[in-house]
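Please work through each task before reading its solution.

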Amino acid sequence: MKAFHWILLYCAAPLLSDVQGTYHLMAGDPELMAAQSYAQTRNNGRPPLRTLNPAKTDSQCRSRSLDLVFIIDSSRSVRRGEFEKVKIFLANIVDTLEVGSDSTRVAVVNYASTVKTEFLLKDYFSKLDLKKAISRIEPLATGTMTGLAIKTAANEAFTEQSGARPRSRNISKVAIIVTDGRPQDQVEEVSAAARGKGIEIYAVGVDRADMRSLQLMASTPLEDHVFYVETYGVIEKLTSKFRETLCGVDPCSMGHDCEHICVNSNASYYCKCRKGYILNPDKKTCSLKQVKVEVVEDPCKCEARLAFQKQTQAAIQQLAAKIERLENTVGRA
């Protein structure tokens, strides 16, 4: 009977590699663990079925405006084929967002034993450019300094100098961490410091990821901010989860008082004017920009005018003198 069970598991294992595993393994179930281990080995050993195509655009929803930073693990444990799947996952999330300078801005922090900011929030404002930049990211290969990566993102990637909007704009700051290992440094304090700066952290664990570390990094409630998948082969399936999380109602589509342009700002909106116009004090209507015209006199014209005036004055004086002589002559007669 046991031999039959193992034959059944061996035959079913190839199918398990393509099944999403967003649950935790049950302790004391060696047959299930053996099947999953076989499926993972089979999946890791084969080349990726898909590569990132920046020009491909999936369906999208109207997302709330975000300053979004991906923090991705590219340590030695992440094979090249698996890293390609992570990049496809990032590109798929970008496709669900309303990307632009006045909507969602995206940055990527890549880490292993060192940390590399691949691009900043201020660098790309179109989906195509973002996905091209993501497709060019290369793995760093060694170490898993997750804490250092979080600290770098909080202190550098989320700054106004790097393209983050000021607090007064009320734009949500979101970090999505993707890792398959146990951090080699401390994550609890740096994650708490990042959350203290208003950064909402989502932690995505893959395969060998340490669940306790994911929970220490993530924002609360943990059930909404911690995700787990068994292999990189199914990480793309989490796109729908983030789609539900990051998408929201567009206040501009619900009706607004802007004369020209309505800009979505999370639960609210603000108005902008088209080029050549300025926003009036009511923050809704627009007026044409007043162009200050400075008249520069032509010096040649000034000289000509002065000459004409002198000639006119001389003629008037001559005429007045003639009239005076004529009056004198008439008086003597």
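**Exercise 1.** Is E138 buried, partly exposed or exposed?

*Solution.* The model is a predicted one, in which local features need pLDDT of at least 70, side-chain atom pairs count only at pLDDT 80 or more, and totals for chains, interfaces and linings use all residues. Residues are numbered from 1 along each chain as its sequence is written, and side-chain values use heavy atoms, with hydrogens and water left out. Step one is the scale: buried means under 20% relative accessible area, exposed over 50%, and partly exposed in between (1.4 Å probe, protein chains only). Step two is the value: E138 has a relative accessible area of 41%. E138 is therefore partly exposed.

**Exercise 2.** Determine which residue forms a salt bridge with E138, and where the two partners lie.

*Solution.* A salt bridge requires a side-chain nitrogen of Lys or Arg within 4 Å of a carboxyl oxygen of Asp or Glu. The partner of E138 is R80, with the closest N and O atoms 3.0 Å apart. E138 sits in the loop between α4 (127-135) and α5 (146-157), while R80 belongs to helix α3 (residues 80-96); the two are 58 residues apart. Helices (H or I, at least four residues) and strands (E, at least two) are DSSP runs, numbered from the N terminus.

**Exercise 3.** Explain why the salt bridge of K272 and D102 ties together separate parts of the chain.

*Solution.* First, the N to O distance between the two side chains is 3.0 Å. Next, K272 lies in strand β8 (residues 268-272) and D102 in the loop between α3 and β2 (105-111), so the pair joins parts that are 170 residues apart in sequence. Finally, K272 is partly exposed at 32% relative accessible area, and D102 is likewise partly exposed at 25%.

**Exercise 4.** Describe the two faces of strand β6 (residues 226-229) and its pairing with β5.

*Solution.* On one side are V226 and Y228, on the other F227 and V229, and all are buried. Strand β5 (residues 199-206) runs parallel to β6 and is joined to it by four bridges; strands pair if DSSP finds at least two bridges between them. Within this pairing, V204 stands opposite F227.

**Exercise 5.** Identify the residues through which α3 meets helix α9 (residues 239-246).

*Solution.* Contact means heavy atoms within 4.5 Å. From α3 come F89, N92, I93 and T96, and from α9 come T239, F242, R243 and L246.

Methods. Axes fitted to C-alpha atoms, helices over the stretch in contact; angles between N-to-C directions.
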